[in-house]
Amino acid sequence: MARTQVGKRERLVTAAARVLYEQGVEKTTIADIARTAEVPVGNVYYYFKTKDQLVEAAMEEQARALRTMTDAFEGFATPQERLKALLGGWAEQREQAARFGCPTGSMSSELGKRDDGLHRSAATVMGLLVEWVERQFTLMGRADARELAVSLVASYQGISLLTNVFADPELMAAQLRRLEDWIDGLDAAEGA
């Protein structure tokens, strides 16, 4: 029985992350999430008392997925290769971005308009990404690693927004190629 309960909770969290991303926080109902998770609506309340708890769990799922992705990039020999792997992962998601935007960016933007504290969950996920990127630039010997990290993440968030607005995944592909060239052109001495 405990195994079934864990399975239902995991399905609800996965479904919440997907549905909240695709429909937005305000438009999504608990019934939408339950339907996607194939869990009776009444059972949702056993695991999550409110929709906000589901939103928070979805943001935690995004954080987990981000850590898994960046951990996989640690197998690359250089920070430049790791950063380019990150860009490659974003490029693979450009069709989704054209339809729904960036999962974290979209939800962060929506949650940032609320005053119930959920924006902190979004900030945590975005912070994890900026910190990981900053670490890569630090390993490249850049004294301006934080500024470069913010620039890279901001560029991605901006192109995700434009890719979504214009429903054109090739906008993202072109910008990510420019970011690869930018990474290649960075010299450790320049940031000293």
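**Reading helix packing**

Biologist: At roughly what angle do the axes of helix α8 (residues 119-139) and helix α9 (residues 145-165) cross, and within how many Å do they come?

Modeller: Two packed helices are described by the angle between their axes and the distance between the axes. Here the axes of α8 and α9 come within 8 Å and cross at roughly 130 degrees, where axes are lines fitted to C-alpha atoms, for helices over the stretch in contact, and angles run from 0 to 180 degrees between N-to-C directions. This is a predicted model, in which local features need pLDDT of at least 70 and side-chain atom pairs count only at pLDDT 80 or more, while totals for chains, interfaces and linings use all residues. Residues are numbered from 1 along each chain as its sequence is written, and side-chain values use heavy atoms, with hydrogens and water left out.

Biologist: Which residues of α8 and α9 make the contact?

Modeller: Contact means heavy atoms within 4.5 Å. On the α8 side the residues are M126, L129, V130, E131, V133, E134, F137 and T138, and on the α9 side A145, R146, L148, A149, V150, L152, V153 and Q157. By class, 11 of them are nonpolar, 2 polar and 3 charged, with Ala, Val, Leu, Ile, Met, Phe, Trp, Tyr, Cys and Pro counted as nonpolar, Asp, Glu, Lys and Arg as charged, and the others, Gly among them, as polar.

Biologist: Which residues of α5 meet α8?

Modeller: P79, R82, L83, L86 and W90 of α5 meet L129, W132, V133, Q136, F137 and L139 of α8, and this contact has 9 nonpolar, 1 polar and 1 charged residues. The axes of helix α5 (residues 79-92) and α8 come within 8 Å and cross at roughly 145 degrees.

Biologist: Is I183 buried or exposed?

Modeller: Buried means under 20% relative accessible area, exposed over 50%, and partly exposed in between (1.4 Å probe, protein chains only). I183, which lies in helix α10 (residues 169-185), is buried, with a relative accessible area of 0%. Not counting residues up to four places away in sequence, I183 touches Q80, L83, L87, M140 and L152. Across the 192 residues of the chain, 43% count as buried.

Biologist: How many helices and strands does the chain have?

Modeller: Helices (H or I, at least four residues) and strands (E, at least two) are DSSP runs, numbered from the N terminus. The chain has 10 helices and 0 strands, and its C-alpha atoms fill a box of roughly 60 × 35 × 30 Å along the principal axes.
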